[in-house]
Amino acid sequence: MPASATKTRRVAVLADSDTRWKWGALTANRISPEDSDIRLDGFLLRGRATPTARQLQEVGVHADSLREVSAVEFLRTMAQESYDVLVLALVGGGVQAMLHGLERVWEGQPQRPVIVTGYVGVVYEKLADGLLLRHGADLVLANSRQDAERFRAVYDGVGADSSAVTEVALPFLGGAPYPGEHDPYTVVFAAQPSVPDSRKDRTYLLNRLIQHARRHPEREVLLKLRSKPGEHTTHIEELPYQKLVQRLDPPANFKLVYGNMGEVLDRTDLLVTISSTAALESLHRRIPTVVLSDLGVREVLGNHHFVGSGCLASWDQLDDGHSPTPDEEWVSRQGVCADGSYATAFDAARERITKLLERPGGLPALTPYYTPATAPGYLPGILARHHLGPDGSPLPGAPAHDREPGPVRQIVRRAARGAYRHGVQRVAPVIRRMGEL
């Protein structure tokens with residue numbers, strides 16, 4: 001039985017990357033009643049982007065327990081353990097697979113957790129695809145008023161129930177408001193693993209950042225990196241800036257930095273990015289924020305999301321001292337609570353979860369939009385990626401579906417994942433370049 005009658009709420013978070021773990025764990029805390037304790041159990045879905053110990057330390061969000069699992073191992077745990085809330089912090093296909101797998105393991109049970117899912121940040125691509133893969137959760141969180149409207153429109157447009165859409169805000173906003181210029185004045189470029197993705201464009205951005213440092217020797221210019229070579233984040237990074245900078249000769253006031261984004265923003269006077277969610281964190285604090293237009297304003301870059309924000313500018317403008325002024329109406333529609341309303345942004349989600357937990361007779365069975373009947377050419381492939389059959393049950397030969405992995409299996413898995421990452425990071429780019437000769 002769920003422990004909702006007590007002051008301690010049991011919450012599980014399943015995540016498949018460092019950023020989704022951060023979003024999921026922080027969301028779990030934000031949506032819990034302010035007057036209750038939370039028992040947080042974290043599960044990291046085994047895959048190419050499973051975060052390393054360093055990445056988890058950098059995220060800075062801690063759980064009462066944290067372990068790595070396969071999809072089938074996680075489903076077995078959910079069949080044995082009782083939770084109040086389950087947060088699925090996964091890519092859309094992972095959410096859909098877990099919804100069908102959980103529907104199977106909870107079949108006939110009188111109680112189940114409230115299932116919550118959503119997006120890590122800005123939703124600028126695959127809107128319909130991602131949303132329909134998340135349909136079936138009890139709460140589909142929208143990080144802004146604009147997203148909530150778009151989400152409901154998609155669900156209503158295909159005849160799916162849109163009542164799960166719940167407006168909140170990004171869970172990792174916070175920090176002290178911008179106090180004014182620091183000494184030295186600090187410019188931070190927030191790099192992204194996959195945007196842009198070409199060597200030419202990434203080298204261009206790096207050169208412009210270094211040129212800005214040379215042009216303004218009185219400023220500190222920081223390149224904020226998400227991961228070290230060999231580590232993966234939510235997206236694959238085949239051309240790390242760390243490698244590109246080795247061929248250049250940056251000045252002394254140019255530095256590479258890692259660490260928690262919030263701590264970096266504490267000393268930032270100008271945040272520059274292509275389309276990173278860090279821009280929303282910066283705007284929340286009222287730090288001057290620029291979304292670069294140098295490579296165009298294009299959907300593939302994600303910076304089209306910032307049309308109307310007042311933040312679009314080029315390196316030429318920044319070199320000449322331009323400081324952007326954000327559009328207040330645009331900011332308010334993006335879940336950026338610079339007006340002080342952040343404290344109440346999760347109230348609707350908390351209230352909805354409480355009502356669901358108190359629902360007489362427990363919660364109804366899960367009913368995702370996609371079923372073997374509605375999407376017979378799409379759904380089975382999504383489930384098979386997680387070793388699940390069309391009915392959500394483990395496929396024959398699914399790894400460790402009937403037992404916990406032993407020490408030898410764990411060692412082999414770590415070695416295999418390391419080899420895979422090396423192949424993607426080092427070998428695959430070389431093969432692609434050879435193919436272009």
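This is a predicted model: local features need pLDDT of at least 70, side-chain atom pairs count only at pLDDT 80 or more; totals for chains, interfaces and linings use all residues.
Strand β1 covers residues 8-15. Six of its eight residues are buried, so β1 is largely enclosed by the rest of the structure.

β1 pairs with two strands described here. With strand β2 (residues 37-45), β1 forms eight bridges in the parallel sense. With strand β4 (residues 85-89), β1 also runs parallel, and five bridges join the two. Val-13 takes part in both pairings: its bridge partner in β2 is Gly-42, and in β4 it stands opposite Val-87. Strands of a sheet pair through backbone hydrogen bonds, either parallel or antiparallel.

Between β1 and β2 the chain passes through helix α1 (residues 18-30). This β-α-β crossover is right-handed.

## The six-stranded sheet

Another part of the model is an open sheet of six strands, paired in parallel. The strand order is β10-β9-β8-β11-β12-β13. β10 (254-257) and β13 (312-313) stand at the edges. Each of these two has a single partner strand, so one side of each is left without a neighbour in the sheet.

Leu-292 stands opposite Ala-313 in β13. Helix α7 (residues 199-215) packs on this sheet and touches β8 (186-190), β9 (220-224), β10 and β12. The direction of α7 makes about 160° with that of β9.

## Helices α5 and α6

Helix α5 spans residues 127-134 and helix α6 spans residues 145-157. Their axes come within 10 Å and cross at roughly 75°. Because angles from 65 to 115 degrees count as roughly perpendicular, α5 is described as roughly perpendicular to α6.

On the α5 side, the contact involves Leu-127, Ala-128, Leu-131, Leu-132 and Arg-134. These meet Arg-150, Phe-151, Val-154 and Tyr-155 in α6. Of the residues in this contact, seven are nonpolar, none is polar and two are charged.

Ser-162 lies in the loop between α6 and β7 (165-167). Is Ser-162 buried or exposed? Its relative accessibility is 15%, and buried means under 20%, so Ser-162 counts as buried.

Leaving aside neighbours within four places in sequence, Ser-162 is in contact with Arg-152, Tyr-155 and Asp-156. One of these, Tyr-155, is also among the α6 residues that meet α5.

Terms used:
Residues are numbered from 1 along each chain as its sequence is written. Side-chain values use heavy atoms; hydrogens and water are left out. Axes are lines fitted to C-alpha atoms, for helices over the stretch in contact, and angles run from 0 to 180 degrees between N-to-C directions. Helices (H or I, at least four residues) and strands (E, at least two) are DSSP runs, numbered from the N terminus. Angles under 35 degrees count as roughly parallel, over 145 as roughly antiparallel, 65 to 115 as roughly perpendicular and the rest as oblique. Contact means heavy atoms within 4.5 Å. Ala, Val, Leu, Ile, Met, Phe, Trp, Tyr, Cys and Pro count as nonpolar, Asp, Glu, Lys and Arg as charged, and the others, Gly among them, as polar. Buried means under 20% relative accessible area, exposed over 50%, partly exposed in between (1.4 Å probe, protein chains only). Two strands pair if DSSP finds at least two bridges between them. A crossover is right-handed if, with the strands pointing away from the viewer, the path from the first strand over the helix to the second runs clockwise.
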